[in-house]
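Welcome! Keep the view open while you work through them.

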Amino acid sequence: MEQKIPYKIYLSEEELPKQWYNVRADMKIKPAPLLNPATNQPVTLEELSQIFCTELAKQELDNDNAYITIPEEIQNFYKMYRPAPLVRAYFLEKALGTPAKIYYKFEGNNTSGSHKLNSSIAQAYYAKKQGLKGVTTETGAGQWGTALAMACSYFDLDCKVFMVKCSYEQKPFRREVMRTYGANVTPSPSETTEVGRKILEEFPGTSGSLGCAISEAVECAVTNEGYRYVLGSVLSQVLLHQSIIGLETMTACDKYGIQPDIIIGCAGGGSNLGGLISPFMGRKLRGEADYQFIAVEPASCPSLTRGKYVYDFCDTGKVCPLSKMYTLGSGFIPSPNHAGGLRYHGMSSVLSELYDEGLMEARSVEQTAVFEAATKFARIEGTLPAPESSHAIRVAIDEALKCKETGEEKTILFGLTGTGYFDMVAYQKFNDNLMSDYIPTDEELAKGFANLPNV
Ligand SMILES: *Cc1c(COP(=O)(O)O)cnc(C)c1O
């Protein structure tokens with residue numbers, strides 16, 4: 001018998017997950033190992049520990065342990081803003097006139113405004129435990145930098161953020177939130193690192209990119225005693241921490257007898273999607289259940305749908321380990337007209353492998369269609385979504401409208417990763433009818449592929 005499903009399902013504190021789930025343990029084909037760019041050999045724990053905190057390097061290399069205990073300090077921090085609600089989108093279903101049941105897991109209920117706090121608090125915890133002075137990182141749109149600044153201030157760690165220059169200038173309030181939490185924010189490329197000076201010399205006046213900011217942050221970490229580099233997406237350790245999203249969702253679904261048919265998430269580097277789907281994918285991999293998983297990416301930065309599955313650099317300066325992933329090439333920079341986030345050239349190696357095996361699908365969507373969905377969602381469900389999250393909303397609405405045509409009563413679940421208050425310049429463009437779509441040509445993509453490493 002179907003129970004009446006509340007508009008919002010909140011788990012109790014006792015029901016919160018005490019372990020993260022590592023989907024790699026259940027994958028028959030493991031993601032390809034990270035390679036040392038100097039030797040093209042799999043990176044060792046020792047090598048990785050020079051860049052990352054040792055415990056995080058261990059998690060990065062762990063393909064075997066399915067469950068990893070969440071340290072109590074992190075569990076306690078999670079209680080400040082978790083559980084995140086699983087919302088039944090009754091209003092949206094009604095407005096669309098669809099027989100589909102729509103659910104979303106909302107991760108925007110914290111000051112960083114996104115799911116990124118789930119991993120930043122874990123990374124800051126391990127840095128503190130190792131006795132480090134601080135951490136360095138990059139941020140594009142600013143959510144990750146904000147999440148990391150919050151986590152570092154909680155553990156009293158120094159936090160150095162290299163912020164992509166165009167965002168630094170366009171999003172002064174994001175910058176101020178980070179500074180309010182005590183972080184040191186530098187626009188990238190900067191004169192403070194060797195790689196930054198080199199990039200500035202080669203491309204004077206550049207507005208920066210994520211790949212370039214990563215190179216600066218890594219250099220800053222390895223040249224400063226007591227510092228390590230941390231990254232908010234793409235890495236397998238980040239997917240692991242983000243599994244808290246999927247674990248909470250699965251507990252809530254099981255409690256109310258909700259069986260999702262389709263699970264949708266936006267994909268930049270893959271951390272929220274990987275975190276949301278991990279436990280469900282685990283069931284699929286173990287043959288216990290089946291789900292349709294859909295990754296949604298911008299048509300202007302289509303790493304899964306048009307990229308190549310090869311080893312590539314994770315950063316422009318080519319200092320990070322090589323990762324086998326769906327990629328557009330580390331030199332790829334999305335068109336400046338692209339306003340909706342999700343700009344990274346590559347994709348999580350875990351998701352890349354699952355996609356390559358046909359266990360997950362991918363779709364690309366154009367930004368005007370994304371902002372139409374975002375606006376509709378804001379007006380109907382109340383929450384002003386982040387542009388990134390709105391990629392998932394777009395496809396959830398499309399799938400619900402398909403159900404309306406076929407009469408199928410599918411259950412659709414998507415990840416609503418964050419809120420869009422700091423993205424009002426993008427909304428303004430849309431509201432003023434000044435937003436357009438840009439889809440790179442094959443020739444433009446070929447330029448990015450031309451510089452792939454020969455591995
Ligand atoms: C960073 C971010 C994303 C994309 O990153 P993933 O690692 O692919 O999850 C999506 N939504 C929001 C709100 C973000 O801040």
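**Exercise 1.** By class, how many nonpolar, polar and charged residues does the lining of the second largest cavity have?

*Solution.* Please keep in mind that this is a predicted model.
- Step 1: Find the space itself, which has a volume of about 60 Å³.
- Step 2: Collect the residues around this second largest cavity: Pro298, Ala299, Ser300, Asn337, His338, Val365, Glu366, Gln367, His391, Asp437, Tyr438 and Ile439.
- Step 3: Sort the lining by class, which gives five nonpolar, five polar and two charged residues.

**Exercise 2.** Find the largest cavity and work out why it lies between domain 1 and domain 2.

*Solution.* 
- Step 1: Begin with the whole set: there are four cavities of 30 Å³ or more in the structure. The largest cavity has a volume of about 70 Å³.
- Step 2: Look at its lining, made up of Leu34, Ile51, Phe52, Tyr229, Leu231, Leu235, Cys314, Cys320 and Pro321. By class, this lining of the largest cavity holds nine nonpolar residues, with no polar and no charged ones.
- Step 3: Bring in the domain assignment, which gives domain 1 as 9-15 + 83-113 + 235-450 and domain 2 as 19-69 + 116-229.

**Exercise 3.** Describe how domain 1 and domain 2 are placed relative to each other, using the distance between their C-alpha centres.

*Solution.* 
- Step 1: Take the C-alpha centres of domain 1 and domain 2, which lie 22 Å apart.
- Step 2: Turn to the contact, to which domain 1 brings 43 residues and domain 2 brings 50 residues.

**Exercise 4.** In what order do the seven strands of the open sheet run, and which are the edge strands?

*Solution.* 
- Step 1: Trace the sheet across: the order is S1-S4-S5-S15-S10-S11-S14, with mixed pairing.
- Step 2: Check the ends, where strand S1 (8-9) and strand S14 (361-365) each pair on one side only and are the edge strands.
- Step 3: Zoom in on one pair: strand S4 (residues 86-88) joins strand S5 (residues 101-106) in the antiparallel sense over three bridges. Here valine 87 stands opposite tyrosine 104 in S5.

**Exercise 5.** Which strands does helix H16 lie across?

*Solution.* 
- Step 1: Locate helix H16 at residues 387-406.
- Step 2: Follow H16 across S5, strand S10 (262-266), strand S11 (292-298), S14 and strand S15 (411-416).
- Step 3: Compare directions: H16 runs at about 150 degrees to S10.

Methods: Residues are numbered from 1 along each chain as its sequence is written. This is a predicted model: local features need pLDDT of at least 70, side-chain atom pairs count only at pLDDT 80 or more; totals for chains, interfaces and linings use all residues. Side-chain values use heavy atoms; hydrogens and water are left out. Two strands pair if DSSP finds at least two bridges between them. Helices (H or I, at least four residues) and strands (E, at least two) are DSSP runs, numbered from the N terminus. Contact means heavy atoms within 4.5 Å. Axes are lines fitted to C-alpha atoms, for helices over the stretch in contact, and angles run from 0 to 180 degrees between N-to-C directions. On a 1 Å grid over the protein atoms alone, a cavity is a set of points where a 1.4 Å probe fits but cannot get out, and a pocket is an open set with protein on both sides within 12 Å along at least five of seven lines; lining residues have an atom within 4 Å of a point. Grid points are joined across faces, edges and corners, and a volume is the space filled by probe spheres set on the points. Ala, Val, Leu, Ile, Met, Phe, Trp, Tyr, Cys and Pro count as nonpolar, Asp, Glu, Lys and Arg as charged, and the others, Gly among them, as polar. Domain bounds come from an automatic or database domain assignment.
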